Amino acid sequence: MKIYVSNLPVGTSDAGLAELFMPFGTVTSARVMTSWDSGNTRDFGYVKMLREGGERAISILNGRITEGLILRVNEARTRP
C-alpha cells in the first residue's frame, strides 16, 4: 500500500521516514519529496509497505507529534 505522510519536520530524510515506519512492517520504499527548483526537502512524502503493517502505521502515527509538528498519515489517493 502507498501511504501519504505530511507535516514532516524540516530536514527529514528518506531513511528517517523509512525508520519511522519500520516498527510496523517491511518498508519497500520511502521518499521525502523535494522542491524542483531548490532541491530542498518538502514537508511530505510517501511510504510503500504491505497493507497490514500500513494500516497499523496509519492508525498509530496519524496525529503523532514529532518535533512539535502533528503528522498527518493516510493512504495515498490514486489519480483517476
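Okay, some housekeeping. What we have is a predicted model, where local features need pLDDT of at least 70, side-chain atom pairs count only at pLDDT 80 or more, and totals for chains, interfaces and linings use all residues. Residues are numbered from 1 along each chain as its sequence is written, and side-chain values use heavy atoms, with hydrogens and water left out.

Let's start with H1, residues 14-21. Helices and strands here are DSSP runs, numbered from the N terminus (H or I, at least four residues, for helices; E, at least two, for strands). Which residues of H1 are buried? Leu17, Ala18 and Phe21. Buried means under 20% relative accessible area, exposed over 50%, and partly exposed in between, with a 1.4 Å probe and protein chains only. Looking down the axis of H1, the buried residues fall within an arc of 100 degrees, so they line one face of the helix; that arc is taken from the directions from the helix axis to the C-beta atoms. Over on the other side of H1, Ala15 and Glu19 are exposed.

And what do the buried residues of H1 pack against? Strands E1 (2-6), E2 (27-34), E3 (41-49) and E6 (72-75), plus helix H2 (51-61). Contact, by the way, means heavy atoms within 4.5 Å.

That takes us to the largest nonpolar core, which has 18 residues. A nonpolar core is a set of buried Ala, Val, Leu, Ile, Met, Phe, Trp, Tyr and Cys residues joined through side-chain atoms within 4.5 Å. Touching the most other members are Ile3, Val5, Leu17, Phe21, Val47, Met49 and Val73. E1, H1, E2, E3 and H2 each give two or more residues to this core. Take Val5: leaving aside neighbours within four places in sequence, its contacts include Leu17 and Phe21, along with Val47 and Val73.

Now the charged bit. A salt bridge is a side-chain nitrogen of Lys or Arg within 4 Å of a carboxyl oxygen of Asp or Glu, and by that rule we get 2. Arg51 pairs with Glu55, closest N and O atoms 3.4 Å apart; both sit in helix H2, 4 residues apart, about one turn of the helix. The other is Glu75 with Arg51, at 2.9 Å, N to O. This pair links distant parts of the chain, with Glu75 in strand E6 and Arg51 in helix H2, 24 residues apart. So Arg51, Glu55 and Glu75 are linked in a network of salt bridges.
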